[in-house]
Amino acid sequence: GLISAGEAVLEVKSDNQYFSSRPTWHIVGTGKSVGMFNWFFKVNDRYESYIDRQALVPWMFIRRVDEGGWIIKEDVVFNPLKDSATSTASRNNKPAVEGKFSVPDNIQDMVSAAFYARTLDFSNATVGQVYPITAFIDNEVVPMNIKFIGRETISTKKGDFRCLMFRPLLQEGRIFKEKEDMTVWVSDDKNKIPVRAQTDILVGSIKMDLVDFSGLTNEPAIVKD
């Protein structure tokens, strides 16, 4: 309804972390519940990814999730040179379990997948066209493909944005009702920042809107009067 349930921040940090002498982008995403929503389902999440600046693949993924008392602590160390991933994870403060997995070339994590998608060229995208992305999630290699569905202008507190529209092809049954239950709008410019996301989930629906941005490299696709 009209209740604001939470807020999220996605940020590129300024630190310079190296893996195997390779410089990385350090991406941090945080999400938390706010206001009345805290009374019955408190959320405090943090996701981090260290992405190779040239190859655009992750070297390390960190997940710290606390959602209504459900706690996940997970570290995944990727080795893009050997196509492997080593995961150390615990649920609800139980002893951590470690595993090593083979992964395909150009594998992504939950955060790096979004930034990798921003590098794709959509200038000649046709409605229905699918862009393949493969990610390592919960110790599984899963498709995170996105389908282009058109263009639309979206109104936000920061102005009206010309947007590209996508449907991520999701995993059914865990959170989402159907494979194409989510629609995402990103700015139709070189920044490709998220402007809106809307989805049906098993217990209702969620709508997320852009409220602010800073530090963009390129001019945003804001419609001028």
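User: Partly exposed means between buried (under 20% relative accessible area) and exposed (over 50%), with a 1.4 Å probe and protein chains only. Where does R151 fall: buried, partly exposed or exposed?

Analyst: This is a predicted model: local features need pLDDT of at least 70, side-chain atom pairs 80 or more, while totals for chains, interfaces and linings use all residues. Residues are numbered from 1 along each chain, and side-chain values use heavy atoms, without hydrogens or water. The relative accessible area of R151 is 44%, so R151 is partly exposed.

User: Which residue forms a salt bridge with R151?

Analyst: A salt bridge puts a Lys or Arg side-chain nitrogen within 4 Å of an Asp or Glu carboxyl oxygen. Here the closest N and O atoms are 3.4 Å apart, and the partner of R151 is D188.

User: How far apart in sequence are the parts that D188 and R151 tie together?

Analyst: D188 sits in the loop between β14 (182-187) and β15 (194-201). R151 belongs to strand β12 (residues 146-156), so the parts they tie together lie apart by 37 residues.

User: What is the N to O distance between R91 and D138?

Analyst: Their side chains meet in a salt bridge at 3.4 Å. R91 is in strand β7 (residues 84-91), and D138 is in the loop between β10 (134-137) and β11 (140-143), 47 residues apart. R91 is partly exposed at 26%, and D138 is partly exposed at 24%. The N to O distance is 3.4 Å.

User: Which strand holds K32, the partner of E7?

Analyst: E7 and K32 form a salt bridge, with the closest N and O atoms 3.6 Å apart. E7 lies in strand β1 (residues 6-12), so the pair ties together parts 25 residues apart. K32 is in strand β3.

Technical notes
Helix = DSSP H or I, 4+ residues; strand = E, 2+ residues; numbered from the N terminus.
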